[in-house]
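Please open the model in a viewer and keep the selection panel at hand.

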Amino acid sequence: MKNLRRGSQIIFLVFFLILFVQTEYKGEDELGMPVRLFLDFDPLIALSSLLASHAVRAVFLFSLVTVVLTVILGRFFCGWVCPLGTLNTAVSFLRMRRKPKHPDDGNFPRLRKIKYFILAFILTGALFGWNAAGFLDPISLTIRSLAIGYNPAVNGLVRSILDFAYMTNIPGISPGADTLLSFLTGTLLAFEQPVFRQMITIAFLFSVILGLNFLAPRFWCRYLCPLGALLGVIGTKQMFARVDVDKGKCVSCHTCNRTCQGDATPFPPGSWASRECLVCFNCSDVCPVDAISIHPTLQSTGDGNVDLQRRWLITTAAAAAFSVPIVRLGEHNKRPHPDLIRPPGAINEKKFLQRCVKCGECMKVCLTNGLQPTLAQAGLEGLWTPMLVPRLGYCEYNCNLCSQVCPTGAIEKLTLEEKQAVRIGLALFDKNRCIPWAMGRNCGVCEEHCPAPGKAIKFFDVEAVNKNGDPFIIKRPEVDPGLCIGCGICENKCPIIDIPGIRVTSVNESRAEYMLYM
């Protein structure tokens, strides 16, 4: 069974990575199957989104498949499917190669409670409208960390190696590197080198999670994962994979506990904790005397489940309830932050925050790398949600990929025609920096790139006087707020490269309650 489980883990991890790579523009207007498929089967994302937004999405019905299988098999998802669990297993393998110092080395049963308190905190917060599941849900966390933290680094490393090989001018190597880079660009690599704000922070946090495996095997899964806690509760009475220890055969060697991936303590007999069991079958595979069997039964075979003291659960729930108004404190609640330009299709800001799980898929598929994770623009509640930063990239007029990948409907799926009619902001000239206004020279870059039909930027002939006092005619630009959709290409292409002469802010967005122009 161990080899079968490992094969399943490898298959699902490879499938996850294939979908991850596919969640990117490949020359087609429609994405095939994005990596959000894993989120569709995630019960924690479905439940927290349901509680926070009071909205049921048909796609969440997929998560019921996971729930039903968990009722029958226990936490099989953690042991056989979860990509983060597989990555943790791989790192844990390095630790388990060393000789243990103690029979229960790496097991910290008292820490098991933590993940249940995290789960209680998340669900209570969701009940009061704060959807924080995406911060710690293993699927959302993995996608975000790979997309924003690791993917840019991998792209940069591969390009640097191939660029170096190309510059060697060695016959065979140089043209081969050029050919390989052309092949990889748009297939495994992004069309352009992605750059994300907070890239180092997000990558560091994910590295810490992987590094925890050196303290205990699958530390995250054992003690911190809220999805694992939810699946443990759902699968407490698992019927087809219960562990039983034959007291007559057991020689108390502790081998089963050392190899247990979930700290479910098969030994001593009767202590097995079904909520912690990842159904890895390690205990039965390694038992030298075949004292452990895993078989279907409706009877309880262990009493070692975590004792979740009611007062601590109530305290955790109360802390979550009190945290909701605190995380919403911030000046953005009194007046919208001007830089908070949401992607086209983003629903009303309050509902958007209730649904967005910060998975980062929309940022990964953004053609121009303009979608970036927020830091303080939307407060703590909106941390790592997407916003457009026009100086880094603009909203491509003929693209609606971000609306195709959102797993929770925070960004509604729009047709290209619908998307092109959505206003996400408004461009405004800074007349102290715009070249025609401030320097008395003609410049038409912003108007040339404006994609709006009829052009949202128009020129007017104005009589001016040069430094010699001679009159001349100059073309000065103005923005037509009725046509501007706030795509940001004017700001992105402005030839003043530091602080541009035209800026796009979130004012006048279609979803806002108050707009300048209806």
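The model is a predicted one. Begin by selecting Ser92, which is located in helix α6, residues 83-96.

Is Ser92 buried or exposed? Its relative accessible area is 2%, and because buried means under 20%, Ser92 counts as buried.

Next, display the polar atoms around the side chain of Ser92. A polar atom of that side chain lies 2.6 Å from the backbone oxygen of Asn88. The side chain of Ser92 is also joined to the side chain of Asn213 by a polar contact of 3.1 Å. Now show the residues that Ser92 touches: leaving aside residues up to four places away in sequence, these are Asn213, Pro217 and Arg218.

Move on to helix α3 and select residues 43-53. Eight of the eleven residues of this helix are buried, so that α3 is mostly covered. To see them, colour Pro43, Leu44, Ile45, Ala46, Ser48, Ser49, Ala52 and Ser53.

Which elements cover the buried residues of α3? The covering elements include α2 (36-40), α4 (62-73), α7 (113-127), α8 (133-136), α13 (226-234) and α17 (349-355).

At the N-terminal end, select Asp42, which caps the helix: a side-chain oxygen of Asp42 lies 3.0 Å from the backbone nitrogen of Leu44. Then select His54, the residue that follows α3. The phi of His54 is positive, near 55°.

Conventions. Residues numbered from 1 in each chain as written. Predicted model: local features only at pLDDT ≥ 70, side-chain atom pairs only at ≥ 80, totals over all residues. Heavy atoms only, no water. Buried < 20%, exposed > 50% of the residue type's maximum accessible area, 1.4 Å probe, protein only. Helix = DSSP H or I, 4+ residues; strand = E, 2+ residues; numbered from the N terminus. Contact = heavy atoms within 4.5 Å. Polar contact = N/O pair within 3.5 Å; in protein donor to acceptor, adjacent residues only side chain to side chain.
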